[in-house]
Amino acid sequence: MITKHSERFNGLDHLRALAIILVLLYHYRAFKHPIWIETVGKFGWTGVDLFFVLSGFLISGQLFREMENTGRINVKIFYIKRFFRIFPPYFFTLFLYFTCPFFREREALSPLWKFMTFTQNYGLDVINQGTFSHAWSLCIEEQFYLILPLLLLVMPVKLFKYFVILIILVLSFSLIMRIIIWNDFVSTIDRDSLEFWRSWYMEIYYPTHTRLDGLGIGVLTGYLMQYSVGFKKSINHNGNRLFLIGILLLSIAFWVCNEQSSEAASTFGFTLVAISYGFIVLAAVSESSFLSKHKSYITAELAALSYAIYLSHKGVINIVQDIFEYFDFENSDTVSLILCLLACVAVGLLYRFMIEKPFAAIKNRILKVKDKPMLF
């Protein structure tokens, strides 16, 4: 019999797998590729938004449950868990990028200190320093992991009941900032110039304060699932309806964002994408949804490997295509694409057994020591 916890896990695994596939297809367009990838991968950039919604939902839900069960948040344990989950694979990937030029998909990297401090998403010149540019989303997530527990820790109980209003204000702030930046700066630049793209990415797409929609929606849904009995009951009874609503909204969002750098997409389009994925995430955790009732070994494995694949995929694709080119093999057809994606999965498995599992064991030993009573 599948428990409620397993149902939630199954549904979110499907979405994590979808998110990494979207990202892979989108980024593959930067390499030699079959023509059909241009169409299929066009909206793959929204995979990052799906990751944001999932992170906001899962991390906030974890913290809310801890607050509900114990009355407090153990910030030290939270940071230890995040450190051992995020930092070892990330720093290993940084090591590869800074010491192995053949791993780089582009020529120039941002300064090392920006990667080390998770601030690379600010001032990121993707035209001239585009190597490992996809770390921008990891920067936003790390900033989120740092700030949310501290915010909940210091927030007075009387204000916590207005948490929904706070999240809505955060979402509104991000939307307003994009509108202001678009109107006062980005829209004044020639749309056909490289400067437009450089500025659009640097000022609208990458900064944390303009990309809070996905995390905000995730936190909002996590809060309502934890503290609103009526909301949770409604979600559990309407899973498939929520999924259909999410797909409908996502279709509208894709229509609005058909041109990713347009004014509509750059302003409220990002918010609409986040809301759409919010409905789909709620469908995935609903007890009545087909997403939560069906388990898949493939999506479970892709979900587990998604972080390692995300970190390494550009370097892996670059190496595989260089090998194909060296041996004069075709590297722009569907077969080469499949081989590149399989190589990404294989490297993800290497990360798991060489980095993630050993450091997870260290983490478990540290947490076990901390849980033992002190003897005097």
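Start with helices α8, residues 163-184, and α13, residues 263-285: they pack at about 175°, and their axes are 9 Å apart. Axes here are lines fitted to C-alpha atoms, for helices over the stretch in contact, and angles run from 0 to 180 degrees between N-to-C directions. So α8 is roughly antiparallel to α13, the word for angles over 145 degrees. Helices are DSSP runs of H or I, at least four residues, numbered from the N terminus.

Bear in mind that this is a predicted model: local features need pLDDT of at least 70, side-chain atom pairs count only at pLDDT 80 or more, and totals for chains, interfaces and linings use all residues. Residues are numbered from 1 along each chain as its sequence is written, and side-chain values use heavy atoms, with hydrogens and water left out.

Who makes the contact? From α8, L175, R178, I179, W182 and N183; from α13, E263, S266, T267, F268, F270 and T271. Contact means heavy atoms within 4.5 Å. By class, that is five nonpolar, four polar and two charged residues. Ala, Val, Leu, Ile, Met, Phe, Trp, Tyr, Cys and Pro count as nonpolar, Asp, Glu, Lys and Arg as charged, and the others, Gly among them, as polar.

Stay on α13 and find S276. Is S276 buried or exposed? Buried, with a relative accessible area of 0%; the cut-off is under 20%, using a 1.4 Å probe and protein chains only. Leaving aside neighbours within four places in sequence, S276 touches G246, L249, L250 and A253.

Now the pockets. A pocket is an open set of points on a 1 Å grid over the protein atoms alone, where a 1.4 Å probe fits, with protein on both sides within 12 Å along at least five of seven lines; lining residues have an atom within 4 Å of a point. Volume is the space filled by probe spheres set on the points.

The largest pocket holds about 1,500 Å³. Its lining has 43 residues, with R16, L58, I59, R82 and R85 nearest the centre. Helix α3 gives the most, 11 residues. The lining splits into 21 nonpolar, eight polar and 14 charged.

The second largest pocket holds about 670 Å³. Its lining has 30 residues, and Y26, H27, A30, V126 and Y201 lie nearest the centre. Helices α1, α9 and α15 each supply at least two. By class: 16 nonpolar, eight polar, six charged.

Key
Parallel < 35°, antiparallel > 145°, perpendicular 65-115°, else oblique. Buried < 20%, exposed > 50% of the residue type's maximum accessible area, 1.4 Å probe, protein only.
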